[in-house]
Amino acid sequence: MTAYRVRIAEDAADREACFAVRKQVFVVEQQVPEDVEYDAYDASALHVLAEGDQGPLGTGRLLYGPDVLHKTGDAGTGSLGRLAVTSAARGLGVGAALVRAIEDAARERGLTAVDLHAQTQALGFYERLGYEAYGPRFQDAGIEHRAMRRVLA
């Protein structure tokens, strides 16, 4: 088993590590255009980073405050996004640990729920973590998605 830790990305080097994981997973593996993958919200989002002895293993981000209104329409509901785990780290629990770290950060900021847009192939993963799908399926970056939400206890 590979040891890893999950923490909030604190500086420019941490963010670059997060972006490197996203580039590998979304741009290279899933062929999402770079100009779609990176957006203006990256500057103000809270990013989390999973790292092991060999370097970065995964990342995700939380939008909250004024930035979240375009996503959730509710300042009390955060938006989890850009969750990515390197192919070498899949199956180790990294994705679930990243989601829980984002939820903890959301609670610390007074949020009562977290929304996300899940790729349909990942619906089961998020359902196991307590998320419920709602609304129709939709395309984002050429990949079918569905909105999901989890109320935070």
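## Strand pairing around strand 4

Strand 4 and strand 5 pair in the parallel sense, and four bridges connect them. Within this pairing, serine 79 has aspartate 115 of strand 5 as its bridge partner. The model described here is a predicted one. Strand 3 is also joined to strand 4, by five bridges, but these two strands run antiparallel.

## The largest pocket

The largest pocket has a volume of about 820 Å³. Its lining consists of 37 residues, and those closest to the centre of the pocket are Phe26, Leu83, Ala84, Gln119 and Tyr126. By class, the lining of this pocket comprises 20 nonpolar, 10 polar and seven charged residues.

Which element gives the most to the lining of the largest pocket? It is strand 4, with seven residues. Several other elements each supply at least two residues of this lining, including helix 1 (12–29), helix 2 (34–37), strand 3 (55–63) and helix 4 (94–108). Strand 5 (113–119), helix 5 (123–128) and strand 7 (143–151) also each supply at least two.

## The cavity

The structure holds one cavity of 30 Å³ or more. The largest cavity has a volume of about 40 Å³. Lys71, Thr72, Ser79, Asp115, Leu116, His117, Tyr134 and Ala147 line this cavity. Among these lining residues are Ser79 and Asp115, which are bridge partners.

Strand 5 gives the most to the lining of the largest cavity, with three residues. Helix 3 (69–72) and strand 5 each supply at least two residues of that lining. The lining of the largest cavity divides into three nonpolar, three polar and two charged residues.

## Helix 4

Helix 4 has 15 residues. From its first C-alpha to its last, helix 4 reaches 21 Å, close to the 21 Å expected at 1.5 Å a residue. After helix 4 comes glycine 110, whose phi is positive, near 80°.

Which residues of helix 4 are buried? They are Val94, Gly95, Leu98, Val99, Ile102, Glu103, Ala105 and Ala106. The spacing of such residues can be read against a general rule: an α-helix has 3.6 residues a turn, so residues three or four places apart point the same way.

## Alanine 45

Alanine 45 is found in the loop between helix 2 and strand 2 (46–52). Buried residues have under 20% relative accessible area. Because its relative accessibility is 4%, alanine 45 counts as buried. Along the chain, alanine 45 and leucine 152 are 107 residues apart, and their C-alpha atoms are separated by 19 Å.

## The annotated domain

In the UniProt record, an unreviewed entry, the feature "domain: N-acetyltransferase" is placed at residues 4–153. Over residues 4–153, the chain is 31% helix and 37% strand. The end C-alpha atoms of this stretch are 26 Å apart.

Note on methods: Residues are numbered from 1 along each chain as its sequence is written. This is a predicted model: local features need pLDDT of at least 70, side-chain atom pairs count only at pLDDT 80 or more; totals for chains, interfaces and linings use all residues. Side-chain values use heavy atoms; hydrogens and water are left out. On a 1 Å grid over the protein atoms alone, a cavity is a set of points where a 1.4 Å probe fits but cannot get out, and a pocket is an open set with protein on both sides within 12 Å along at least five of seven lines; lining residues have an atom within 4 Å of a point. Grid points are joined across faces, edges and corners, and a volume is the space filled by probe spheres set on the points. Ala, Val, Leu, Ile, Met, Phe, Trp, Tyr, Cys and Pro count as nonpolar, Asp, Glu, Lys and Arg as charged, and the others, Gly among them, as polar. UniProt positions are given in the numbering used here, feature names are shortened, and annotations may be inferred rather than shown by experiment. The expected span of a helix is 1.5 Å times one less than its number of residues. Buried means under 20% relative accessible area, exposed over 50%, partly exposed in between (1.4 Å probe, protein chains only). Two strands pair if DSSP finds at least two bridges between them.
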